[in-house]
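Hi,

Here is the structure I promised to pass along. Have a look at it first, and my notes on what turned up follow below.

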Amino acid sequence: MASSKHKGYSVFLCFQLCFIVSHFFLWNNKVLAYPSVVFACDVVKNPEVRNYRFCNKSLDVESRVNDLQSRMTLQEKILNLINDARGSSRLGFPEYNWWSEALHGVAGTGLGTNFSSPIYRATSFPQVICTAASFNTSLFYTIGKVVSTEARAMYNVGESGLTFWSPNVNIFRDPRWGRGQETPGEDPLLTSRYAVSYVRGLQERDDGDKSRLKVGACCKHYTAYDLDNWKGIDRFHFNALVTKQDMEDTYQPPFRSCVIDGNVASVMCSYNQVNGKPTCADADLLTGVIRNQWNLNGYISTDCDSLEVMFDKQHYTRTPEETAAIALKAGVDLNCGDHLRIYTPDAVQEGLVAEADVNRAVKNNFAMLMRLGFFDGDPRQQLYGNLGPNDVCTPANQELAREAARQGFVLLKNSRGSLPLSPTATKSIAVIGPNANVTTTMIGDYAGTPCRYTTTLQGITSVVPATYFSPGCANVGCVIAQVNDAKRISATADATVLVVGADQSIETETLDRVDISLPGQQTFLVQEVTKVSKGPVILVIMSGGGMDVQFAKDDPKVTSILWIGYPGEAGGAALADILFGFFNPSGRLPMSWYPQSYVNNVNMTNMNMRPDPATGYPGRTYRFYRGPTVYTFGDGLSYSEFSYHLVKAPNLLSIQLGEQHICKRSSCKSIDASEQTCKNANTKIHLRVKNAGRMSGSHTVFLFSTPPNVHKSPQKQLLGFEKVFLTPKEQGMIRFNKDVCKHLSVVDKFGNKKLALGMHVLHVGSLKHYFMVSI
């Protein structure tokens with residue numbers, strides 16, 4: 001018998017050999033699950049489950065779910081109403097944590113995801129506000145597909161779940177909101193199209209099976225949620241007072257599109273109250289709208305601990321059991337948190353909620369897991385079962401992160417001869433600012449561990465080796481600007497790049513801004529450096545929300561201004577591509593930028609979108625706001641000039657009404673925009689777009705309209721947008737086909753869609769076209 005020392009050494013060698021062999025197979029996609037990972041309905045490892053109908057993959061989802069639910073005790077059902085679902089060892093299916101995140105790449109935020117062996121990293125794309133600035137729906141979709149592929153690879157090795165609580169489709173109503181960075185911006189149409197494209201990218205399977213999902217997405221936070229913590233007012237106590245008009249034409253459209261057009265797997269109700277009622281307790285909002293009107297084929301989840309918030313902070317119910325009951329009866333299926341596990345048993349026993357409500361919730365949850373293949377056994381036997389570590393952080397995925405950043409960067413100012421810089425004639429560059437050499441700042445919140453980072457300093461240095469760096473501030477707070485070194489290198493360099501802005505200490509979840517100027521002494525730093533700079537000064541702003549940079553916009557020595565959001569893992573490389581003309585910028589602002597006076601005059605808690613002349617309230621977003629802006633929605637420049645020629649557009653749209661219609665007998669300013677009223681009422685707008693410049697590039701064509709001034713209609717609203725790539729002097733045709741009632745309508749004070757009669761105006765750049773809508 002070997003000595004204990006040699007026996008231990010032999011065990012160690014065996015362990016090492018097993019580790020190396022197993023990881024060899026893992027990394028070569030031969031073996032995709034650790035032996036310790038348990039999968040539901042794995043008939044090989046657990047033959048007893050073979051006789052369960054819920055494990056029979058040939059049956060339809062409803063039959064399987066009914067069988068599973070019928071075998072479970074009430075206690076087992078309740079233990080599966082929470083994100084940390086306990087499964088059932090008796091029935092052979094394991095625990096499952098529903099909470100994973102994939103806002104702009106697989107994230108480490110949720111409890112259902114771990115970055116550990118064998119997958120330590122995942123591709124980190126630009127924060128959503130930056131990607132949205134590309135106005136490229138195919139890019140939104142492609143990123144979703146890549147993220148879901150990496151998510152599936154992580155699931156196969158036991159590092160993530162299959163349900164991802166993304167995207168965030170709340171409207172970026174106020175520039176101070178800390179979570180605005182997570183959203184596609186202030187416009188309902190852009191947000192809706194982003195939501196649908198990204199959700200489809202995440203969920204759609206390559207085999208075209210619409211009854212099954214690749215991963216499950218979740219649109220959040222439902223609804224009218226856009227305040228976290230502002231001047232002592234937090235999201236847990238905030239009661240959003242929202243008119244029916246604003247609800248229907250601003251806050252609800254992205255969620256409606258998510259469910260109806262995106263077929264999203266889940267909707268998450270928010271912390272706040274809406275008109276005095278917590279959203280997770282509102283049966284009209286949950287069952288009435290999401291489930292019955294929009295026909296959600298999925299589950300409704302609470303935000304994390306929102307039931308505790310409802311009871312402990314909002315004091316909406318008298319007992320925690322009442323909270324559990326009211327949420328279940330309102331339509332909640334899954335509780336992120338522990339409230340339903342703890343209090344539902346007594347709520348049922350006390351008669352506050354019926355077991356039928358528990359059954360409904362459990363069936364909705366398990367139906368989703370059925371569609372995701374959770375109850376189909378070992379994933380190696382399924383579609384996507386061959387995915388593993390080699391499919392995460394691939395060169396193609398990392399290049400897509402760089403491309404997404406390039407497309408999202410917005411050139412806001414560019415004096416003649418400033419950008420692009422010549423990569424050969426530029427011999428030296430001064431790179432200055434607190435965000436010039438940051439890493440984690442670039443990925444924003446709800447992120448994972450990136451494949452790698454390329455900072456701004458690294459990206460520029462890779463093109464011009466003679467690059468000199470000075471942070472100018474200790475951090476973005478910039479309590480004291482350290483200008484001497486910054487001025488010294490700027491005074492001798494051929495060009496100066498100032499990278500300023502914000503980070504998660506300024507704006508993030510639970511932290512809204514009070515000011516919208518550059519933080520601390522950053523403005524002073526920019527001004528001092530600009531005074532002594534030898535060459536052009538390029539101001540680069542890294543932030544989620546807009547900044548008051550009017551001083552730089554007006555300063556002729558600040559020759560260029562670029563906004564890059566939080567640009568993701570490849571942000572520095574992408575910025576270098578723009579600065580040196582390897583890529584023609586095409587991003588456009590997805591939100592308006594206001595002067596500092598805006599935050600002094602507008603209370604963040606005011607949810608009204610429309611202005612109120614009686615109080616001086618200026619309204620919200622480009623659609624309704626009446627007041628000064630620094631930059632507005634859709635602003636952005638290119639290195640090329642693009643021109644438009646209107647080829648086809650209506651001069652008159654006549655809506656046919658029945659002879660008994662009231663508007664046949666009396667004067668009407670609008671008519672109901674119902675499907676019946678506008679049946680087959682479509683219009684076509686065709687435009688010829690020309691690249692008049694000397695550089696190839698993409699261009700976003702925006703189609704706006706100004707409807708007649710009825711029902712406090714928007715002063716301008718986005719009807720559509722299309723992205724086109726053109727070589728120098730090339731022309732392209734853009735075609736917008738619009739449903740008159742769906743796209744040209746407005747919403748009245750009762751929340752009803754109306755088609756305004758009278759003169760409408762179409763806007764494409766500086767081009768305007770007038771047409772009448774009549775009956």
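**Salt bridges and overall build**

The structure holds 36 salt bridges, where a salt bridge means a side-chain nitrogen of Lys or Arg within 4 Å of a carboxyl oxygen of Asp or Glu. Before you dig in: this is a predicted model, where local features need pLDDT of at least 70 and side-chain atom pairs count only at pLDDT 80 or more, while totals for chains, interfaces and linings use all residues. Residues are numbered from 1 along each chain as its sequence is written, and side-chain values use heavy atoms, with hydrogens and water left out.

One to look up is arginine 179 with glutamate 509, whose side chains meet at 3.2 Å, N to O. Arginine 179 sits in the loop between helix H5 (137-156) and helix H6 (188-203), and glutamate 509 in the loop between strand E14 (495-501) and helix H17 (522-532), so this pair ties together parts 330 residues apart in sequence. (Helices, H or I of at least four residues, and strands, E of at least two, are DSSP runs numbered from the N terminus.) Arginine 179 is buried at 0% relative accessible area, and glutamate 509 also counts as buried, at 19%. The cut-offs are under 20% for buried, over 50% for exposed and partly exposed in between, with a 1.4 Å probe and protein chains only.

Helix H16 (residues 483-492) is worth a click too. Aspartate 485 and arginine 488 both lie in it, three residues apart, about one turn of the helix, and their side chains form a salt bridge at 2.4 Å, N to O. Aspartate 485 is partly exposed at 33%, whereas arginine 488 is exposed at 52%.

Lysine 487 makes a salt bridge with glutamate 528, with the closest N and O atoms 3.5 Å apart. That pair links distant parts of the chain, helix H16 and helix H17, 41 residues apart. Lysine 487 is partly exposed at 23%, and glutamate 528 is buried at 13%. Elsewhere, shared partners join Arg179, Glu182, Asp228, Arg235 and Glu509 into one salt-bridge network.

As for the whole chain, there are 22 helices and 27 strands, and 61% of the 775 residues are buried. The C-alpha atoms fill a box of roughly 90 × 80 × 50 Å along the principal axes. Of the contacts (heavy atoms within 4.5 Å) between residues at least 6 apart in sequence, 77% join residues at least 24 apart.

Cheers
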